[in-house]
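Hello,

Here is the structure you were waiting for. Have a look at it first, then read my notes below.

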Amino acid sequence: MACILPQTKSAAVNPLKSSQPLGAALAYLGVAGAIPLFHGSQGCTSFALVLFVRHFKETIPLQTTAMDAVATILGGAGNLEEALLNVKKRAKPKLIGICTTALVETRGENFEGDLANIKLERAEELAGTEVVLASTPDFDGAIEEGWAKAVTSMIEGITTPGGRPRDLKKIAILPGWHLTVADIELLRETVESFGLKSVILPDVSGSLDGTVPDDRWVPTTYGGTKVEEIRELGTCFQAVAIGEHMRTAAAALQAKTGVPYVLFEQLVGLKAIDRFMTMLAMIAGNPVPPAVRRRRAQLQDALLDGHFHFGGKRIAIAAEPDHLFQLATFFKGMGAEIVAAVSTTGTSCILQKVPADAVQVGDLSDLETMARHAGGDLIVTHSHGRQAAERLGVPLMRVGFPIFDRLGSQHKKTILYEGARNFLFEAANIFQSNCRRPSPEALNPLQDMEAKDDRRQTSFTRH
């Protein structure tokens, strides 16, 4: 069991975490026809927008209530109402997902009451648009908590209560924020290969996969989970949550509809993936498809081919709790040692299961310090860790959010048999490309000295 070391610094030197509102907005972006709405100042929204665009390289529909000094003092209910009506009139979205920020949270406004009054008084103007709210102050939690709160708010605010017949071939998947666009697409394809139907919430593979609408410009998200599908989640036979932070959303779905859930802490280990495939086979009543069995055999072969490169390697990782657990579990299973583990928050119970002696709640400067003292061979974190990797003289493996100095990060598969194999190859290739191979001269120091003497004597004779 890892020891959780609390944060000791009063300020972040090299920030690691992204805020809760950003995580909530990312979840809302996984719904078709949606617009996330930041309840706060324009600066909060602009910063999140820049991060999204740099990471996904896509157009991001993000709006703000534009709180000013007067609204901050007198209250932001008017700004919230005006923003909702303007967004509804101009974009006609299917969903408006409200994310609160530190500005309004610090003031202590009654968001739920304000929103209830707005819905009641403006029911006609807002007809046809679902409006949900997630309380996501910047000063608390990180992107992981924001994502989970947004998914929970959609289930509690949109999903129809239980009591309806269930489809025995339909499952609901609640993916963690750390799954890439390619991961979610792979999940869907895998479920369908068993003859099952899936509803994935949120589904960023439909909205942030790089597809451009053919006919016109769309002011909202143009792909993802449909609002109607969220409303019908109660007809699913089984729910699957991926990541400990999705337990709350899965429990909310079970409480409202009676749909039972299964939680997978990670889907990169062979045992965990086998358990996932066995579950799908049992629900479908069919054997595991040959294509899936072939992918498993390929992963086994990759494990045999690649484990030589991981043995004894010292890994330093900085990530959100569930992502940290997934990454550390993978490297530990390959024979590497986790010498530095840094996370954004210390509230998640999954941190105790991280295969490391201790997990430090902190920033990237903590990771750099720990990696320097322990002699790390690889830094694993997002793009903001590149300076620390350069100073330490060790390679950087980019994971998580944001990754803005590489293309295609969201199109990498990192889970299930195929994703685990690809991740293994990427890490092993980094080790190989940074291996200091000894030269023939270095293998024989005496021979090297004699060669140098010969070169000096030849040079003296010529002169």
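Contact here means heavy atoms within 4.5 Å. Please keep in mind that this is a predicted model.

**Helix H11 on helix H16**

Start with the contact between these two helices. Leu-270, Ile-273, Asp-274, Phe-276 and Met-277 of H11 meet Leu-416, Tyr-417 and Ala-420 of H16. By class, that contact has seven nonpolar residues, no polar ones and one charged. H11 covers residues 270-284. The angle between H11 and H16 is about 160 degrees, and their axes are 10 Å apart. H11 is therefore roughly antiparallel to H16. Their crossing is right-handed.

**Helix H13 on helix H16**

H16 (residues 416-433) also packs with H13 (residues 321-333). Here the angle is about 70 degrees, with the axes 12 Å apart. So H13 is roughly perpendicular to H16. This crossing of H13 and H16 is right-handed. From H13 come Leu-327, Phe-330 and Phe-331. They meet Ala-420, Phe-423, Leu-424 and Ala-427 in H16. The residues of this contact divide into seven nonpolar, no polar and no charged. Note Ala-420: it is among the H16 residues that meet H11, and it is also among those that meet H13.

**The sheet**

Now turn to the strands. Four of them form an open sheet, in the order E3-E2-E4-E5, and the pairing is parallel. E4 (residues 95-100) pairs with E5 over five bridges, in the parallel sense. Which residue of E5 is the bridge partner of Leu-95? It is Glu-130.

Two helices to look at here are H1 and H6. H1 (residues 20-28) lies across E2 (34-39), E4 and E5. H1 runs at about 170 degrees to E4. H6 (residues 111-121) packs on the sheet and touches E2, E4 and E5. The direction of H6 makes about 170 degrees with that of E5.

The protein chain averages a pLDDT of 91, and 93% of the residues score at least 70. Confidence is highest in strand E9 (residues 261-264), at 98. It is lowest in helix H18 (residues 445-462), at a mean of 48. Over residues 458-463 the pLDDT is below 50. Beyond near neighbours in sequence, that stretch has zero contacts in the model. Where pLDDT is low, the predicted coordinates should not be read in detail.

Best wishes

Key: Residues are numbered from 1 along each chain as its sequence is written. This is a predicted model: local features need pLDDT of at least 70, side-chain atom pairs count only at pLDDT 80 or more; totals for chains, interfaces and linings use all residues. Side-chain values use heavy atoms; hydrogens and water are left out. pLDDT is the predictor's confidence in each residue, from 0 to 100. Helices (H or I, at least four residues) and strands (E, at least two) are DSSP runs, numbered from the N terminus. Axes are lines fitted to C-alpha atoms, for helices over the stretch in contact, and angles run from 0 to 180 degrees between N-to-C directions. Angles under 35 degrees count as roughly parallel, over 145 as roughly antiparallel, 65 to 115 as roughly perpendicular and the rest as oblique. A crossing is left-handed if the near helix is turned anticlockwise from the far one by less than a right angle, and right-handed if clockwise. Ala, Val, Leu, Ile, Met, Phe, Trp, Tyr, Cys and Pro count as nonpolar, Asp, Glu, Lys and Arg as charged, and the others, Gly among them, as polar. Two strands pair if DSSP finds at least two bridges between them.
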